[in-house]
Amino acid sequence: MKIVVYLGTGGVGKTSLAAATALAQARQGRRCLVLTTDPAHRLRTALGLGADALEQRVTLDPPAPAELWGAMLDVRSTLDDAVRMYGKPAGIDKVLAHPIYATIASSLAGMSELMAVERIDQLIRRGFDNIVVDTALSRHALEFLDKPMFFAGLSDLNWVKLIGRTYRFAAATPFGFFSRGSFELYSRVEALLGARLVTQVLEFYSLFVSIAEGYSERARQTVALLKNPDVTEFRIVSTPQKAVSDTSYFLAQLGARGFPVDAVCVNRVWTEAAGPERASGLEGELLDWYEAVRESQEREIRLLKNTLGGAGKKIIPVPELEVDVGGIESLERIAASARLD
Ligand SMILES: Nc1ncnc2c1ncn2[C@@H]1O[C@H](COP(=O)(O)OP(=O)(O)O)[C@@H](O)[C@H]1O
Ligand SMILES: [Mg+2]
């Protein structure tokens, strides 16, 4: 099983390249799925999926020897599945029906980043050969890697464990419960959950704590797989104008967290203009301008090579198409002109 994770700033082509990668892998006979964490769901356009599809198999013509799937990260259904799979049987319905549950599922700060690794874990268990992850830029570039580890660290803390264990007992003695000391403790829970400190939150947490602990355990395992270079490749996506600065930024961010970067995809590279050798007038001026831009892109890619040095990272140039990337035909063109699989 292999995972490819695409990272980059907004609009550089992460979704397009992720979709083209999964397509190339399916053509190689591997059963693969591309998962987008972007709530904008541009993956639907890229793969030509149905308007409401949260997960859909893509039909290919000619058919690929293996399956190609596209999936949007749906926070609510990922969390529901985690509750059903890992909750204590007697508590599952209580959790799912709890009034706080819907609020938390939709409002807990960073929930979608927390659920990305959970969803990756669920997909690994379904036996895909390849999982391609198309990330969206959240407040910080790597929140989907940082948040789960932060959460896992929290559930190691004794005060968090205590809330889960002692709430039922404490709730029965409300006056003692809200002593100054415990109030301070519970306001830290409030900060964690981003919700008002109400009895319901604590009751919910006492039901939820085993699920949260199970989550932390799986998040640790998934993040370990993402750090394992035999399993996971991180690919930075950039454009020729910003290749060096984007790459330096993401290399530093990923390096500091111990994630291996395998390749830099320089997307939207202009190809040599096929046209008359020498044109005059406006056409000539345009061709000169095109050529000057193209050369500046080549210079940036040379600079990128120097920046990466002998670091063993691939540079994958991906040509600019004259159309938007939408639908299998355009993905086939990208996959044919760049080695992404
Ligand atoms: N190689 C390319 N050639 C032409 N258009 C591209 C190419 N790559 C991306 N695009 C276009 O750029 C826009 C942003 O691409 P997208 O993959 O959604 O970027 P991101 O996921 O990084 O935000 C889309 O309109 C897409 O069609
Ligand atoms: Mg995108």
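A residue is called buried if 20 or more other C-beta atoms, placed from the backbone, lie within 10 Å of its own, exposed if 12 or fewer do, and partly exposed in between. Helices (H or I, at least four residues) and strands (E, at least two) are DSSP runs, numbered from the N terminus. The model is predicted, so local features need pLDDT of at least 70 and side-chain atom pairs count only at pLDDT 80 or more, while totals for chains, interfaces and linings use all residues. Residues are numbered from 1 along each chain as its sequence is written, and chains are lettered from A and ligands numbered from 1 in the order in which they are written.

**Exercise 1.** Describe how strand S5 (residues 130-134) is covered and which strands pair with S5.

*Solution.* 
- Step 1: S5 is mostly covered, with five of its five residues buried.
- Step 2: Asn-130, Val-132 and Asp-134 point one way, Ile-131 and Val-133 the other.
- Step 3: Pairing takes at least two DSSP bridges between two strands. Strand S1 (residues 2-8) is parallel to S5, with five bridges, and Val-5 sits opposite Val-133.
- Step 4: Strand S2 (residues 32-36) also runs parallel to S5, over five bridges; here Val-34 faces Val-132.

**Exercise 2.** Check the span of helix H13 (residues 281-308), then find its buried residues.

*Solution.* 
- Step 1: The expected span is 1.5 Å times one less than the number of residues.
- Step 2: Gln-297, Glu-300 and Leu-304 are the buried residues of H13.
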